[in-house]
Every structure is written in C-alpha cells, then in structure tokens.
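Please keep the sequence and the structure in view while reading.

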Amino acid sequence: MTPQLQQNPIVAGARIRGLGSVQPEQVVTNHDIAASGVETNDEWIRDRVGIVERRFARPDESLVDMASDAGAKALADAGLAPSEIDAVLVATCTMPSQIPNASAQVAHRIGVEASPAFDVNAACAGFCYGLGTAADMIRAGSAGNVLVIGAEKLTDWVDPNDRSTCIIFADGAGAVVVGAATGDEAAGIGPIAAGSAGDLAETIVVPDRSSFIYQEGQAVFRWATTKISPVAVQAIERAGLTPGDIDVLVPHQANLRIVEAMAKRLHAAGARSDMAVADDIIRSGNTSAASIPLAIDHMRNDGRVRSGDIALLVGFGAGLSYAGQVVVLP
Ligand code: UT7
C-alpha cells in the first residue's frame, strides 16, 4: 500500500507585511542621454515613453547590493528579524552570472542564514510570479515569512548607444516581506492570473552572452495594449472583486502609454475615477522586475497610497510572460 505522506497544515492566506526599495544615486535625464551623443531628445522620450529621468547604478554597485539593501529595508518595515525569514526569492533577469544565483548571496548579506533561496526569471513579470510563489508557499505551510525582491541592473545589458533601448531601461530594486494571515485577518494576496506567449519569444532577447538587449518595441507594445488588460480583469475576478474595488493600479512600468491604456480599459470595465494609477516610469524608467515594488514604495512615500488599500499588480515582458494579482497594501 502506498504510504500516506504527512503534509504541512494549510494556512488560510498570506499578506504583505513590509515594503522597501532602493535606487542608485545617479540621476540620468533625457537631456543627459542626448548630450552623451545618442541621437534622441527629451520631447521624443516624454511623448513616446513618458520617461523624464531614470537612475543608473555605478559600475561597482551590483544587483546583489541593490537587492540586499531593498530586502533589508522591507524587513525593517515589517518589523522582522532576519532569523524570522524562511525563504528568499529574487526576481531578476539581469544577473551578470548565470551561476551563482542572486538570492543565496542576498540572503547571506541580510543575515538570513541557510534559508531556501532561488531566483525567478520571468523578466518584467518576475515580481508578480515571485509574489504568487511566496503566497502559495505560505498557504501550503512550507514557509512562514518569505522575502520577495525584484532587482535589476539593466545597464549591464543595454547598449548605451542604442537609442531604442538605452532611453528606456534603468536600475533599482524593490522588496516585500510576505507572511501568513493570522487570527481573524483575511488573506491579502489574491490568486495569480498568469500565462505566456512563447510564440513572441524573439521580440525581446539578449541573443548571446556578448550581446545587448534587443526589443521589437512596436510588436511588444501592441501585445501589451491588447492582451494584458484582460489579465488584469482576470486577476480581479479571481480575487472575488470587481474593478470598482481597486484603489490603486500598479502595472509594470514599461511605457506610460501602456499604463494609460490599461487604466482606460479598467475604467471602461467599472474602475472608479479616483483609482490611483502608478506612473513611476516618469522618474524611474523601466526597471523590469523591480518596477512594481519600486512604484508602490514611491507612491507610499508620496502619500498616494495608504495601508489597507487594494492594489492590482500586473507584470508583463520578455518571454513573453505575464502575471498579475490583487493585494492589500501593508
Ligand atoms: O518592459 C518589457 C516590455 N516592454 C514593453 O512593453 C515595450 C513596449 N514598446 C514600447 O514601449 C515602444 O514601442 C518603444 C518605447 C520601445 C518605442 O516607441 P515607438 O513609439 O513604438 O517607436 P518606434 O520604435 O516605432 O520608432 C518610431 C521612430 C523610428 O524612426 P522612423 O523609422 O519612423 O524614422 C525610430 O527610429 O522613432 C525613432 N526612434 C527614436 N527617435 C528619437 C526610436 N527611438 C528613438 C529615440 N529618440 N530614443
């Protein structure tokens, strides 16, 4: 007879307990890029992408540095000690090395010793995949608190002379601590809505180890503006809510025009006119897996969101991969 293997007790749900982010100090404006000799201008970038400035890391400032700093801030915000973290997940697609991964080094730097640690590579959707994985680990009883970090150093992978990419991509890290809902608390992370479109894999690629990022901008733009809003609505439905329940929309910050198109579709589906919409791309550029937690943290610092707000997160990008979920902000 097959033995019955013991299982962990199921937990009712998970919640985000703390939040933190870091950006490099160096601010790079559109004028700076034009002045460096790239054939572009402030008006084109603002008009087509919405970016005014972004942050570039120093050569000696690594992805692991930024991820560790963001993770430590999220831990402090949650009021937890490193010893209370059971797993560390880093969502990234820009580690300079294939091995080792980022997460084990980040865990060690923060003082989370011998915890499970793994990287999630779903490019710009990586943070939402990491958050969903953390929530499921907690629900299944395999971890009590999980640190989820989105961190990218895209400048390592971008040709500084390619005007189609060097104006868009930037560096930074954002993190959340996810813990179990306790007592009468309701679950604060809804089920994930996720998928992929591998037939469009060639539209965003780093072709080989010595190449830079290549992107078919218009093809990805069309895909994002037609296929991703339904994913946003699906995430709302899976959480048992309606668009009118959403206080804040935080899509991946790829292009302000994509953000606005998604907000418009959600308003048409019943979202409230006072729904806050993340526009962090204006000041931070496109930081791939870091863009969603960075945007939430900046909105919190600016007083644009409050604890308890219901936020809809939607990540999409290379793969092509996408994922979204509704969360209650800490
Ligand atoms: O984060 C991962 C997911 N990524 C996305 O979601 C990105 C989606 N795509 C986009 O956001 C946009 O397609 C881009 C921002 C990448 C490009 O904007 P676009 O409006 O689609 O421009 P385009 O590539 O169609 O280029 C239009 C024109 C071209 O010139 P011609 O051929 O019409 O003469 C480009 O050469 O603009 C030119 N151009 C530029 N001009 C000034 C391209 N980049 C620049 C630039 N400055 N930086």
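Which residues in helix 9 are buried? They are Ser 291, Ile 292, Pro 293, Leu 294, Ala 295, Ile 296, Asp 297, His 298 and Met 299, where buried means under 20% relative accessible area, exposed over 50% and partly exposed in between, with a 1.4 Å probe and protein chains only. The model is a predicted one, in which local features need pLDDT of at least 70 and side-chain atom pairs count only at pLDDT 80 or more, while totals for chains, interfaces and linings use all residues. Residues are numbered from 1 along each chain as its sequence is written, and side-chain values use heavy atoms, with hydrogens and water left out.

**Overall form**

- The protein has nine helices and 14 strands; helices (H or I, at least four residues) and strands (E, at least two) are DSSP runs, numbered from the N terminus.
- For 330 residues, a compact globule would have a radius of gyration near 20 Å, and the 19 Å of the protein agrees with this. The radius is taken over C-alpha atoms, and the globule rule is 2.2 Å times the number of residues to the power 0.38.
- Along the principal axes, the C-alpha atoms fill a box of roughly 65 × 45 × 45 Å.

**Burial, contacts and surface**

- Of the 330 residues, 53% count as buried.
- Among contacts (heavy atoms within 4.5 Å) between residues at least 6 apart in sequence, 79% join residues at least 24 apart.
- The accessible surface comes to about 14,400 Å², by the Shrake-Rupley method with a 1.4 Å probe. Carbon and sulfur atoms account for 50% of this surface.

**Strand 13 and its partners**

- Strand 13 (residues 310–317) is mostly covered, with seven of its eight residues buried.
- Strand 11 (residues 248–251) runs parallel to strand 13 and is joined to it by four bridges; two strands pair if DSSP finds at least two bridges between them. Leu 249 stands opposite Leu 312 of strand 13.
- Strand 14 (residues 321–328) pairs with strand 13 in the antiparallel sense over eight bridges. Here Val 326 of strand 14 is the bridge partner of Leu 312.
- Three residues lie between the strands in the hairpin of strand 13 and strand 14, where Gly 319 takes a positive phi near 140°.

**Helix 9**

- Helix 9 (residues 291–301) is mostly covered, as nine of its 11 residues are buried.
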